[in-house]
Structure formats: structure tokens, C-alpha cells
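Here is a quick tour for anyone meeting this structure for the first time. Have a look at it, then read on.

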Amino acid sequence: MRQYNVGIIGATGMVGQRFATLLADHPWFRVTALAASPRSAGKSYAEAVGERWAMPVPMPEALKTMMVFDAMQVEQVAAAVDFVFCAVEMPKAEIRALEDAYARAECPVMSNTSANRHTPDVPMLIPELNTRHMRVIDHQRKRLGTRRGFIAVKSNCSIQSFVPALYPLDRFGVKKVLACTYQAISGAGKTFESWPEMTDNLIPYIGGEEEKTEREPLKIWGRVENGVIVDAESPQFTAQCLRVPVTNGHFAAVYVSFENKPSKQEILDIWNSFSGRPQQLGLPSAPKQFLRYFEEDNMPQSALCRDLEGGMTVSLGRLREDSQYDYKFVGLSHNTLRGAAGGAVLMAELLCAEGYI
């Protein structure tokens, strides 16, 4: 595989920092540009981040002295890279305009933001699941008038704790889903030091999160038609999302009904054997076991399981029949790895391997 020069847009934030750690020793990707807000521009990465470094590992030495660009200097950044990862924190309309500008500058964008998740010709990829959606990129390029440039996005971090478990079961007709998610504070870009009021606390509301959790799976299930992704009409999703005092790892308690109810063993067999295109291709960030089911009643646990296979495995447990739905189970994914930066890196690996970049 060839080597790619990559940039991180929004490099000083928590997800940008996670990108920095994941890309520091990546076998395919080499960071050649960092970009952030105008107040960080012209500073070294170490100076721009300052005391806000929130990762459990030190800042990569190779990036410490790298000068930070103004993210709005699209042409300058695009000239230094083959593609960019985007993790900016701005109003959605401004993010859409920025990502569009990079794509039109012939710089593919791997977005961690929600701004373009519902743009019909922008694929929203969970790489093991809906790879068929990649083909809308050709239509998106026609709309943008580009040869190389396009935008691809990853889905909301919380749905990756349960959608990967449900999607492979669609042969039985997933009909309706109730998901209650318990989301770590890093999902808000916080630590306990920066958000002390979350210690010994739970907040039963996360702005916009329930709407995302109910809507985004319908795009994952959607069909490609006339060059765009048309959202599926089913399954029906309803959600409640809570912020809990956990550093990393989004948890979900899930209830599901089927058109044709499978046996518990059929579900377990599918989960234990399931793999996707990243596993077939042996991509660098792909976990060998995408879905891991735990038989113990007290598993999975956030502290014990969120980091499995570099934080890219989705952990499942407590599958059992329910009195009102067919089954219930729990799921766990690392929100800043599988759910954010790691998922975007895997998406980029897939798009490179499949010839889109």
C-alpha cells in the first residue's frame, strides 16, 4: 500500500488529539498538516494545545513542533496533504461550508462531524456494515465538479454501541428497537478535571443525541437510488440518552423485535462469526473480532472492555428474551476510538484500499 500524507482539521480538540495519537505511527498515513482555529494558527502544536492535552499517552514527538495552520486556509492545507480528517467544533452550517471547500479543492474529507451526515450523496460509513454506500461518491463528485475531492462521514458515536449488533440480524427482519444509551464524558470533549460536576452524577439529557440515535441508523440501513442514499423506513428506533460519570465508553441497553424471531443461538452464532470488508482486507485498524459476546452476566464492563483490540471491538452481553420485545441485550463501544477518530481512520483505510482515495 502506498503512503499517504494526511491532515487533521480541528487538531487541538479532544477528537483531534485522538487522531494525532492514532496517526503518529500509522503504517499508511503520515501527518503533514495540522489545522485549527485562527487563535492556534502560527503556533506549534504543543503551544496550541497547551495544558489541554487530554489523551492517556504523551503527545507524539513528531507533531509537537509542527506549525498549526488556520483551518480556513483551505488551499494551503490541501496542498500539503492527500486527504484530511475533520474534527472541527463549529456551527453546522460553517462546518458544511468548510468541508465542501476542502472537497472542491480536490482534497477528500474524512469527517468526524455531524454536519454532512444527512447529505444524501455523502456516505455515512460503519466500515464493516454498509460498504455498498461508497458508490455514491462517484455521484457526489459529479455534483461537486471534482476529480478526487469528496466527503465521507462516520456515524454518531453512540449508535456504534448497538447498530453493529443489529445490522447483521436483518435477515430476520429487525422491526423495532428501543435503545437507552449511557454515554461517557469524553463524548462531550470533557474530562473529570474540566467537568468536575459530573463526578458522582448523571445527567438525563444530551442535546440532539436522541434525534441522532433514532435517525442515523435509517441511513445505515438505507438503499442507494439514483446516486443518493435513501433512508430506510424501518426498523423503527426510539432512544433515550444519558450522560454518566465514565471517562470513555458508550454503553447501550437495547430491546429489539423481529419480523421472524430467531433463536438465541442463531443470534449468537451470527455475532460470533460476523466480519466485514475491513477484516477481509486486513486493514491496519480493523479488529480481528468485530463483535465479541461475553457470557458472564456482569460483562461487558466499560473499564475492562472498551479498549479491546485498540478500542475497535464492539462488546456485547446479556442477550435474553424479553416480555414485551423479542430480545434484550447490552452493547459497549469506545466512543473516541471506534465511535470517533478510530472509526474515521478505519473508514479512510477502507476508501484507500478500495481505490476511492
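Does N248 count as buried or exposed, and at what relative accessibility?

## A buried asparagine

N248 counts as buried, with a relative accessibility of 17%. Here buried means under 20% relative accessible area, exposed over 50%, and partly exposed in between, with a 1.4 Å probe and protein chains only. A word on the background: this is a predicted model, where local features need pLDDT of at least 70 and side-chain atom pairs count only at pLDDT 80 or more, while totals for chains, interfaces and linings use all residues. Residues are numbered from 1 along each chain as its sequence is written, and side-chain values use heavy atoms, with hydrogens and water left out.

You'll find N248 in the loop between β10 (236-243) and β11 (250-258); helices (H or I, at least four residues) and strands (E, at least two) are DSSP runs, numbered from the N terminus. Leaving aside residues up to four places away in sequence, N248 touches R18, A184, S186, S302, R306, H334, N335 and T336, where contact means heavy atoms within 4.5 Å. S186 sits 62 residues from N248 in sequence, yet their C-alpha atoms are 5.9 Å apart in space.

## An exposed aspartate

Now for D200, in the loop between β7 (174-183) and α8 (209-220). D200 counts as exposed, at 77% relative accessibility. Between D200 and W271 there are 71 residues of sequence separation and 34 Å of space, C-alpha to C-alpha.

## The open sheet

Six strands make an open sheet with parallel pairing, in the order β3-β2-β1-β4-β5-β6; two strands pair if DSSP finds at least two bridges between them. β3 (68-70) and β6 (151-153) are at the edges with a single partner strand each, so one side of each has no neighbour in the sheet.

β5 (residues 109-111) joins β6 in the parallel sense over three bridges.

## Helix α5

Helix α5 has 13 residues and reaches 18 Å from its first C-alpha to its last, close to the 18 Å expected at 1.5 Å a residue; that expected span is 1.5 Å times one less than the number of residues. Its buried residues are I95, L98, E99, Y102 and A103. Seen down the axis of α5, they fall within an arc of 135°, so they line one face of the helix; the arc is that of the directions from the helix axis to the C-beta atoms.

Among the elements covering these buried residues are β1, β4 and α6 (136-144).
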